[in-house]
Amino acid sequence: MSDSNIIPKWLSVGLIPLMNLFLAFCVSGLFILFIGENPFRAISVMIKGAFYYPGAIGYTLYYTTNFIFTGLAVALAFHARLFNIGGEGQAYVGGLGVGLVCLVFDQHVVGFLVTILAILGSVIFGAIWGIIPGYLQAKRGSHIVITTIMFNFIAAALMVYLLVNVIIEPGQMSPETRDFASGVGLVQIHILAKYLGLDIAMSPLNLSFIVALTVSVGFWFLVWRTKFGYEVRSLGHSETAAIYAGIKVSSTIIIVMAISGGLAGLVAINELLGVHNKLLLGFTAGYGFTGIAVALMGRNHPFGIFLASLLFGALYQGGTELDFEFSSITREMVLLIQGLIILFSGALAYMLNPLVERAYLKYYGNYSSA
Amino acid sequence: MPESFQLIISLLDSTIRIATPLIFCAMAGIFSERSGIIDIGLEGKMLLSAFVAATATFLTGSPILGLFAAILASCGASFIHGFACITNRGDQVISGLAINILASGLTITLGIALFSRGGQTPPLASEQRFMPIEFPFLDEMSYVPVLGDLFVEVISGHNILVYLSVLAVFFTYYVIFKTRFGLRLRAVGEKPEAVDTAGISVIKLRYQSILIAGMLCGLAGAYLSIAHGAGFGREMSAGKGYIALAAMIFGKWNPIPTLFACLLFGFLEALGVRLEGVELMWIGEVPVQVMQALPYVLTVVLLAGFIGKARAPGAIGVPYSKEG
C-alpha cells in the first residue's frame, strides 16, 4: 500500500495523518468517558504536566530523546522494507555496551574518554543485536519480524542473567551495577545552564538530546543524500529492481540492521549516561516499541519523527501527572492511547483515503481530473 | 515411588499446566496464519480475554459466563485485526502489535477504574473457577505401578480447559486437513487468487479463520484467570502469546507437531523452575534464564534452517486485492 496519487501531498501527508491521530484521541476520550471522568480535564492535566510545571518541558524532552533514537531505528529499517520490532532488545543490549565500558575503564581512564567509549559501546552492542537478525534474514531467509521478536526475549533473559549473577554490585540485593565513576556521563542541561548563568528547573534532560538532534540530521543525509541511502530506498521500493540495478541486497540488509540496532542502542546513553549513572534492569521500559508508533506517525522522516517523539514525550510526561490528579486514571492510559495511535496511524493508515479522495474529487475534480 | 520417578511425574504435571494456554494460542495462530494472516496479536488477545473472563466471572459469579465473555472479547480483538488488515488491507504486523499494546493498556486502565486494586481483579472463590476434575477409579488405578501413577498424577486432576486444549488440537487438525473449509483455508493462505477464481470469497474465509483464532485465544485467556489462576493480574500473559507463536513456527504450522512444540516449551519452563539452585553433575547450576531463553533460541535456529526448514504459508502477510 502506498499514499494515494489522486489527492495532493498536503492532504495525504498532512491532513490524513492528523485525522488518524484525531480519531485515536477521540476513541481514547470515549474510554475516559466510559470510566466516568471528563476527557477534557484529562487532556488539560496532561498538557500542564507535560509543559507547564517547572521542569516539565525538560522531562518531556528527555522522553522525546529516547523516542527519536528508537523511532529513527525503526524508520531506517522501514526504508528498506524491513520491520525491526527488536528496538527494545537492541536498546537493552546497547545498555550492556555502556555498562561494560564504564565498569572496565572508569577507574583507569579519564571520564570524558570513558563517556565517548561508552557511547560507542552502546552503538556497537545495539548494532550486534541488529546484525544477527539482519544476517539471518539476508542469508538464511528467516522472517525478520519473528527473529527480532525472539531476540527481544533473548536479550531480556541475557540481561537478567548478567545483572543478577555477573555484573551486580557485590553485596547488594537489587540487580544493578555499581555507580559509574563521577567523571563519567553526559551532563544534564540544567547543570550546564547553571555554568552559563541561567537558572532552569531540574530535569533529567541531558546532552543526549543534542546527540539525538545531530543523529536526526545525519539520518536525513544518509537516507536522501548518499549512494547507500539511495540503495536502501531502492531496496525498499522493489527488491527485484534493486537486484537488477546491481545493489547487493544481502549486505544492504545487514548494514541497515546494523545501523538500526546502533540507533536503538543509543537509548542507553540517555538513560544510563544521562540519568541513572549505572546499568539497571528494565531501563528500556518499552521505548523500543513506542519507536514503532513514532516511525509510523513520523512517516519515516526525521522531521516527522521529531514531531511524533515530541508528542509521545508529552504523552509520557503528561501521563505521570494523571496518577496525581485522578483516582481512576493512571499513566497506563498512555499505553492505551499508544495502542490506538498504532492502530489508526499504522494499521488503519489508509482507511480514510477513499473518503478524502471522494471529497476532494467532488470539490476539485472538475478542474484536475476531468 | 522412587524419588526420581516422583520428580518426573511432577515435572510432567506442571508441563501440562504450563502448555495448555500455549496450545490454545498456537492453534489459534495456525488458523490465522494458514489463511494468510500473520497473528502476533495472540498475546494481546489472551491478555484481554483473561481480564474479561475474570471480570465477568466476578460480576456474574458464573465461570461459564466468564468464559463466553472472554471468547467474545477475544473475537472482538480479532475483528479489529480483520477490519484493519483484511478490509482495509493494512499491515498485519502493525495491527497485531497495536492489539498487544492496546490490550496491555486497556486491561490495566479498566482494571484500576473498576476495582481500584492496582490493575488486579478481586480474587475468585473456588466455585467461581473451573476446578480440577478427578477421574473415576483413581483408587483402583493407584495400585498399578508406573501407569497408575501417571494416570493419577498427570492425566487426572486438571481443570476442564486442559482437556479441552487437547480436543482443540484434534479439532484444528480435523478442520484444516479433513474438511472442505480447511482445504479452502489452506488454499487462501497459499494462493488467494486461485480461491477467488473458484468463486469463493477470500475476505469471508479470512474473517472466519481469524474469528476461530479469536475463540481459541479466548479459551487461553480464560484458562489463565479463571481456571489455572483465581483472578487477573496485570500483564499476566507474560509473553506466553509469543512463545505460542514460536511453538507454531517450531511445529511448522501443523497442529500435531505444534502440540509437541508447546509441550516441549512447557517442559523447558517447568524444568527451569525445578533446576533453580540445583547443582547438576558435570554442568553445574543451570541459570533459569537459559531455560527461559531456550524456546526463542530454538525457534531462531529452526527458522534459520539449521534444523529442517520451516516454511510459512505462501501468501502470508500479503493483503489481498482483486486488482492484484
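## Buried residues, salt bridges and a helix pair

Gln289(B) counts as buried because its relative accessibility is 11% (buried means under 20% relative accessible area, exposed over 50%, and partly exposed in between, with a 1.4 Å probe and protein chains only). This is a predicted model, in which local features need pLDDT of at least 70 and side-chain atom pairs count only at pLDDT 80 or more, while totals for chains, interfaces and linings use all residues. Residues are numbered from 1 along each chain as its sequence is written, chains are lettered from A in the order in which they are written, and side-chain values use heavy atoms, leaving out hydrogens and water.

Leaving aside neighbours within four places in sequence, Gln289(B) is in contact (heavy atoms within 4.5 Å) with Ala157(A), Val160(A), Tyr161(A) and Asn165(A).

Over all chains, the count comes to nine salt bridges, a salt bridge being a side-chain nitrogen of Lys or Arg within 4 Å of a carboxyl oxygen of Asp or Glu. Three of them are listed here.

| Salt bridge | N to O distance |
|---|---|
| Arg178(A) and Asp106(A) | 3.0 Å |
| Arg234(B) and Glu332(A) | 2.6 Å |
| Arg17(B) and Asp13(B) | 3.1 Å |

The pair Arg178(A) and Asp106(A) ties together parts that are 72 residues apart in sequence; Arg178(A) is partly exposed at 23% relative accessibility, whereas Asp106(A) is buried at 6%. The pair of Arg234(B) and Glu332(A) crosses between chains, with Arg234(B) partly exposed at 37% relative accessibility and Glu332(A) buried at 14%.

Methods:
Helix = DSSP H or I, 4+ residues; strand = E, 2+ residues; numbered from the N terminus.
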